[in-house]
Amino acid sequence: MKVVFLGPPGAGKGTVGERLEKDMGFKRLSTGDMLRNHVKMATELGLKAKAYMDKGELVPDDVILDMVAEEMKPKEKLILDGFPRTLAQAQALDHLLKNTGQSLDLVVLIDVPDQVLIHRLTARRVCRSCGAVYNLITMPPKKPGVCDLCGGELYQRDDDTEDTVKHRIEVYKRSTQPLVDHYKQKGLLRVIDGNADPETVFNRVKELITS
Ligand code: AP5
């Protein structure tokens, strides 16, 4: 089964996706995580991407498509988190899947009001070592600044400042929201209300995937 997660920054795509990986054996392909990994390793791609990411702009389609193509080997259960984000990426995804004998089964839009997104993202903290995601308000670590899982240092993403979050939401509305109609027309789109506790949101997504 191949599932795309659509939704604005902070909708909870990563949180639900990680749980689906752990509980249901999905492989999660997050272009945001892949890009941050390139930035951390200071690869040529990472250096190019960082300037866009820090400003809350989308990284150019050609960079994203080269990066994703390398990872698109046939998989039984795949979650695409944060990809596609433009119509050009959606069309390229169709080709990539077709070329490897695969197709998309479901697109889940996680819907959350803007004000909630801003609150969530400015309170997000991420482990520098293992990448675990926390929230100072809704999912705080047991010990401030320290990862419960590996003891690593928690940090705030450069693009999680209030101004950059607001810009990312605008970019989402401009560049990614058109995909809602695109997938609606293909009959693949399902919308869930993501403004609930993480367990409830996970169960809503799980129900769509298993029904
Ligand atoms: P990316 O990392 O993909 O960021 P995003 O889409 O903006 O999504 P986020 O990771 O911010 O949010 P999320 O929905 O995963 O929420 P999360 O679960 O973490 O992309 C970053 C940048 O990379 C982009 O701006 C762009 O520059 C570039 N990029 C990436 N992909 C690209 C592409 N395809 N094309 C071009 N450029 C690309 O949750 C957020 C917080 O809320 C956490 O603290 C979490 O604990 C908390 N939380 C989650 N769910 C709940 C809940 N139900 N209730 C309460 N709190 C919750």
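In the predicted model, helix α2 packs across helix α4 (residues 61–69), the two axes coming within 11 Å and crossing at roughly 95°. Because angles of 65 to 115 degrees count as roughly perpendicular, α2 is classed as roughly perpendicular to α4. On the α2 side the contact is made by T31, M34, L35 and H38, and on the α4 side by I64, M67 and V68. The residues of this contact comprise 5 nonpolar and 2 polar ones, with no charged residue.

In total, 36 residues surround the ligand, and the closest are T15, E57, R85, R124 and R168. The composition of the shell by class is 16 nonpolar, 10 polar and 10 charged residues; in the contact of α2 with α4, by comparison, charged residues are absent.

For E57, which is among the closest residues, a polar backbone atom is 2.6 Å from an oxygen atom of the ligand. For G14 the corresponding distance between a polar backbone atom and a ligand oxygen is 2.9 Å, and for G12 it is 3.0 Å. Taken alone, the ligand exposes 1,000 Å², of which the protein buries 96%.

Terms used
Residues numbered from 1 in each chain as written. Predicted model: local features only at pLDDT ≥ 70, side-chain atom pairs only at ≥ 80, totals over all residues. Heavy atoms only, no water. Near = heavy atom within 4 Å. Polar contact = N/O pair within 3.5 Å; in protein donor to acceptor, adjacent residues only side chain to side chain. Areas by Shrake-Rupley, 256 points an atom, 1.4 Å probe, with all protein chains shown as cover. Nonpolar A, V, L, I, M, F, W, Y, C, P; charged D, E, K, R; others polar. Axes fitted to C-alpha atoms, helices over the stretch in contact; angles between N-to-C directions. Helix = DSSP H or I, 4+ residues; strand = E, 2+ residues; numbered from the N terminus. Parallel < 35°, antiparallel > 145°, perpendicular 65-115°, else oblique. Contact = heavy atoms within 4.5 Å.
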